[in-house]
Amino acid sequence: LHAYAGLMRHVGGAVRAGDIQVVVISADDAHSFHGFTGEVLAGLLPYDRTRTPLVDAMPHAHVVLGRATAIDAERRIVRYVLADDESGPDHAATAERVLDYDSLVVGTGGREPATAVPGLAEHGFTLRAPGDIAVLTERVREAAAHRGLRRHTVVVAGGGMAGVEMAAAVADLGGARLRVELVHSGDAILPELRDEQPRLARRAEQELRRLGVRVRLGVRLASVTEDR
C-alpha cells in the first residue's frame, strides 16, 4: 500500500493515462488493519470493519488474487498461481502463470516466526496471514461460550503491544470462563512503551491484573502440542 501511494504521488498521471500499468499480486483481497485486533476479539468491532478491499485501496492498480511462487530477476519474470486454482479440486496440478515486469516491488508484510517453535505452526493461532484474525476470533468465542466445568486456558506468547492487547481482549470477552496466561521472554511487558510512555505501560499492567491475566516474565516458548 505504501509503494502504491508513492507511485501515485510521483507518476500518478502516467498510471491514470495507461502509460504505466501497476499489477498487484496478493494472497488476500483486502488489507487488514491489525490495530483493531483486540476490539475484534472482544466483540466491539465486526471483523469486516477492519478490512479494506484492495480494489478500493488501490483503485488504479490491477489486483490479481494469487500467490507469487518464483522471481527471475534476470529475465524480469514473476511466476504465480491464482487463488482459485489453488483451492480447486485439482490442486496438485495447479498451473503456474507468468507475468513480465519492468520494475518489481516485493512487499511481503510481516509474519510471526511460528516455525521457530516446534508445534506452534500446527497447533497455535497467528494474526497476520490472510484470514488469521477471523479464525482466532471464532475459536476464542467458542471457548468463551463453553459451559462445561473446566475453564479453558488461552496462552498468549509475546508481551509487546499486540500480545498485551490480545490478552486483555480475550480475558475481557471470556470473563470467568477463560483463564489467560501471557508469557514474555523479557523482564517487563511493553518494552516499546517503557521509555516514552511509562505511565501508559503501568496502566496496561494494572488492567491485566484487573482482568485476571497471569503474566509470566522471563519465559520463552519451547514447544507446543495439541493441549499444552
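Before I start, the model is predicted, so local features need pLDDT of at least 70 and side-chain atom pairs count only at pLDDT 80 or more, while totals for chains, interfaces and linings use all residues. Residues are numbered from 1 along each chain as its sequence is written, and side-chain values use heavy atoms, with hydrogens and water left out.

Let me begin with the whole protein. Its secondary structure comes to 9 helices and 9 strands, where helices (H or I, at least four residues) and strands (E, at least two) are DSSP runs numbered from the N terminus. The C-alpha trace spans about 60 × 45 × 30 Å along its principal axes. Of the 228 residues, 30% are buried; buried means under 20% relative accessible area, exposed means over 50%, and partly exposed lies in between, with a 1.4 Å probe and protein chains only. The accessible surface, computed by the Shrake-Rupley method with a 1.4 Å probe, comes to about 14,900 Å², and carbon and sulfur atoms hold 50% of that area. Taking contact as heavy atoms within 4.5 Å, we find that, among contacts with a separation of 6 or more, 60% join residues 24 or more positions apart.

Now to helix H1, residues 2-17. Its 16 residues should span 22 Å at 1.5 Å a residue, and its end C-alpha atoms are 21 Å apart, which agrees; the expected span is 1.5 Å times one less than the number of residues. The buried residues in H1 are Tyr-4, Gly-6, Met-8, Gly-12 and Val-15, and they pack against helix H3 (54-57). Gly-12 has a relative accessibility of 3%, and its C-alpha atom is separated by 22 Å from that of Leu-99, 87 residues away along the chain. Just after H1 comes Gly-18, with a positive phi of about 90°.

Gly-175 follows H7 with a positive phi near 60°.

Strand E8 also holds Glu-181, which counts as buried because its relative accessibility is 9%. Beyond its neighbours within four places in sequence, Glu-181 is in contact with Thr-153, Val-154, Val-155, Val-156, Arg-214 and Arg-216.

Finally, I would like to turn to two backbone angles. Most residues other than glycine have a negative phi. Arg-76, however, has a positive phi of about 55°, and it lies in the loop between strand E4 (62-72) and strand E5 (77-82). Leu-190 has a positive phi near 55°, and its place is the loop between strand E8 (178-184) and helix H8 (191-194).
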